[in-house]
Amino acid sequence: MTAAEIFRGIRATFMPKTLLFGVAAGFAGLCLLGRHAARLDVHRNYSRFTQYTSPESKYYPTVNEMMAIVRSKIKPGQILVIVGGNSILRGVAQLPDQMWSKRLQEKLGDGYCVVNFAFDSSLITDGASVAAEALRDEYPRQIYIANAFPAQAPTPGGSNVYRWVYWDAYYKGLLMADEPRASAIAGNIVKYYFKDGIQELRISSWLDSWCYFNDFWNDVAYQDFNTVWGTLMTPGVTRFLDPRKRYPDPDPDGSLFPYDVRYPPSTLALELVNVKGVSMFAFNPDPTGDFKKDPAAYWQVYPPVWTLLTDGIKDIFPAALKKRTLILMSGSSPYYLRRLTEEEQYRDKITFEMGVRLWKEGGYDAIEYGRDFTPDDFYDRTHLTRFGAAKLGDLVATKVRAMSVELGYLPKP
Amino acid sequence: MNSLATILQSRAARQVISLLVGVAVGVFFHYLLYRLTLPVQPFIYVAF
Amino acid sequence: MIVISQWVQSLRAVFAPADVQDYGRIFNSFWFVIFALVAIPVFWLLRKPFLRLPFLFVACVTFHYHFAGPAGMLPIIALAIVTYTLGLTRNKFACAAGIVLSVLALCFYKYTHFLSDEVLGLINKDWGPAVDAAARKQLPGLVAPAGSIYLFVPPLGMSFFAFEFIHYLYEVRKGAAPLRNPLHFAIFAIFFPSLVAGPIKRFRQFVGALQEGAANVGSADAAEGLCRIAMGFLKKVVIADNLTLALDFYAPSVEPGNLVVRFASYGMVERWFLFALIAMRILMDFSGYSDIAIGLARLLGIKLPENFNWPYAAQSIQDFWQRWHISLSSWIRDYVYIPLGGSRHGLPRKVFNGLLAFALCGLWHGPAWNFVVWGLYHGVGLAICSNYAALPGLGPRLAAWLERQPRTCWAFTQLFVWLGWLLFFYPLPRALTMASLLFTFK
């Protein structure tokens, strides 16, 4: 008897109605379990999302997962500080104990609960901001922190890679109804490249709001067994079927790396272009590629770029959430900045000042960091070592305390 | 093989097996929805 | 209000045409999940065949429109109308003309670039680009994006449509009764489970199954269909997709130039492991697809022809081709090999017919030489396999010995088939290097 005949023989014995009942029961049962899993915090001792708990390795944390992390970490009476932004704020090149957000927590003390939901290359509007918004009623005393570069206009509803969190929360009814933001998102979907895949994403998020498959199977992937091969699966370091909780936090202590690795001479020219690039587009270029100056020898601001920023930040969050948002303008390492001409350094400085001013005028709070740091504080052009992390933690702690008073979370001293 | 055939002749056993297979299929469809949210690979023969 | 607005947004998302990124995602798309969740239960609920068939047609059109778009639908609709009309005439010449039209349409969409650049180019290197440029100028709306292996964008499932229409007209020309009911023909043409990648249907068997399904679909069909779909997705999503990702990790497709270097850097065990991954991935991917298609049809009470029957258990090349992509191999047999004369005109002619049929079978997979080489490789294998016993002296003894060694036969057959996949997926020099590395110790 061949295997095919055995299978056919077994299939012939199935009782169709019982089997169909089983299908419905199995599916419905997991939907219910998914609803339950959505409330569980599986990330015990959470410090940050690593490469093994992020889309880089095909793991997509849900908004419920983030909310559950907050609920398990926060103590009654604490002010919630949620950190978003990109790899700089995620703490690349910092061990979990050296992370800037850990320093921030230490500096702020027991009155605050700092949770870091930053992802590599993510924007202000990505996952962390969605989690914070979803928790607005539960923890109204909250501050949201993310980073940006000057003149970097964020996209409403999140970046192409991380926007699943927005739609996840949207279809689960966790977001504030905000017509300007909805129009801005719809406009962006029509206008820009991230139209691709949006239909699938929205249908999947809508289905998930009924079936909770992402919460349930993320829970399984994190706690029990992984089922998806990812390009980061490195034999010897990770094993395909191991649950994600067993995977290491791969970020090293960047301060231990020699300068030749952190600031490779071979990329110096390219990195200088990048550093200049932060301010290049903010100013009016003339046909020779240089930048126009006015009669008093000041750089002429290039209005289209800044208009894009001011228009862009207008509707990314509901008005009520803007004031509790702190934008950190991430500066470049002085290792490179010092190699610019004086004029270029000046241009960089006023670009950052302008960025901070416009975010503030848009109703947010903003500060710049990095200009007074040393090359040792940076791991590379933008990421921080543990030394820089400590400085940033101290700087932001002072700002967060001030904001807490301004927002009325704490009484005036 | 014969014992399996004998078991499969019992109505109760068939009920249980059908139910278990059904539950397994239902669980798998739930998992399938999760997998479809991750980046998926196109079918090779669609290109032909 | 918010709930209503969310529902409206969801509906908008469902009815929008497919995204660029969704190309290639057919059964494994969320749009299809919603489509199936609506279309199949409605089909069940309608209960009467005269309601079910028009509804099924509408569902097929919706599916076709979503994944192919108007530009992909129009050529198929035109070809289907011509095929249906010519079939009704039962005129041999008209049917032959229809067959030629289907072949030309297939060649036009899939092989223009190949024929001009690769075939004409062999004669004179300037002719190919000249023909390409002229075609681009004449039909700018159909031109494929730069870098494509096609000159014109082929409609979704073109190869499958063409083969089904050719089969239909060929059978009518031979005397079979054509389909008079346009609804039956329309559903045969764009039946959504098999629209994109088969199995390639035969119209008499299909229409019989369609009528049977529309009248008698029941819980047994639903249970069988769901199990089959689950099995197909298990093969595709759990096995094939992970194998694809693993293959990409060990032998990245993004750096094809380094593939051989990477392959050479591995030890023997890893090389053979990768080799097995390549073979398992294609089986799981395509047989998974076929399972889903057959299961979906079964949910509608319709039995589609089987496409796979444990091909990696085959003990000879003939056996393999009776188990692998059965609907294609039987089509090639019935509509290429036998009309060419089959085995009726002596050994040399039989071998030639076999080689030609397999070269076309290879070319059917795409306009590239590696597919032709893969087809010829199987043609040669099949010629040797089916004729070696007739060799004077050694032949009968070898045949008698192999008959007593089924495991050896199996091992040699699978080695032959799996080596063939290297030709299928990679350009010839790379495939040959990889094949030789499988037998070369570091």
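# Domains, interfaces and a sheet

Me: What separation do the C-alpha centres of domain 1 and domain 3 of chain C have?
Reply: In this predicted model, the C-alpha centres of domain 1 of chain C and domain 3 of chain C lie 29 Å apart.

Me: What makes domain 1 and domain 3 of chain C count as being in contact?
Reply: Two residues are in contact if their C-beta atoms, placed from the backbone, lie within 7 Å. By that cut-off, 14 residues of domain 1 of chain C and nine residues of domain 3 of chain C take part, so the two domains are in contact. On the domain 1 side, α4 (92-123) and α6 (158-174) of chain C are the elements that give two or more residues.

Me: What classes make up the domain 1 side of that contact in chain C?
Reply: The side of domain 1 of chain C that touches domain 3 of chain C has eight nonpolar, four polar and two charged residues.

Me: How many residues of chain A and of chain B are in contact, and which element of chain A gives the largest share?
Reply: The contact joins 25 residues of chain A to 24 residues of chain B. On the chain A side, two or more residues come from each of α2 (16-37), α9 (198-211) and α10 (213-223). The largest share, 12 residues, belongs to α2(A). By class, this side of chain A holds 18 nonpolar, six polar and one charged.

Me: Which element of chain C gives the most to the side that touches chain B?
Reply: The contact takes 22 residues from chain C and 15 residues from chain B. Helices α9 (219-250) and α11 (268-299) of chain C each give two or more residues, and α9(C) gives the most, with eight residues.

Me: Why are β2 and β5 of chain A called edge strands?
Reply: The open sheet in chain A has five strands in the order β2-β1-β3-β4-β5, with parallel pairing. β2 (112-116) and β5 (365-369) of chain A each have a single partner strand, so one side of each is left without a neighbour in the sheet. The twist averages 20° from one strand to the next.

Me: How do you know that β3 and β4 of chain A pair?
Reply: Pairing requires at least two bridges between the strands. β3 (residues 142-148) and β4 (residues 325-330) of chain A have five bridges, therefore they count as paired, in the parallel sense. A:Ile145 stands opposite A:Leu326 in β4(A).

Me: Which strands does helix α6 of chain A touch?
Reply: Helix α6 (residues 127-134) of chain A packs on the sheet against β1 (79-83) and β3 of chain A, at about 165° to β3(A).

Notes. Residues numbered from 1 in each chain as written. Chains lettered and ligands numbered in written order. Predicted model: local features only at pLDDT ≥ 70, side-chain atom pairs only at ≥ 80, totals over all residues. Helix = DSSP H or I, 4+ residues; strand = E, 2+ residues; numbered from the N terminus. Nonpolar A, V, L, I, M, F, W, Y, C, P; charged D, E, K, R; others polar. Axes fitted to C-alpha atoms, helices over the stretch in contact; angles between N-to-C directions. Domains from an automatic or database assignment.
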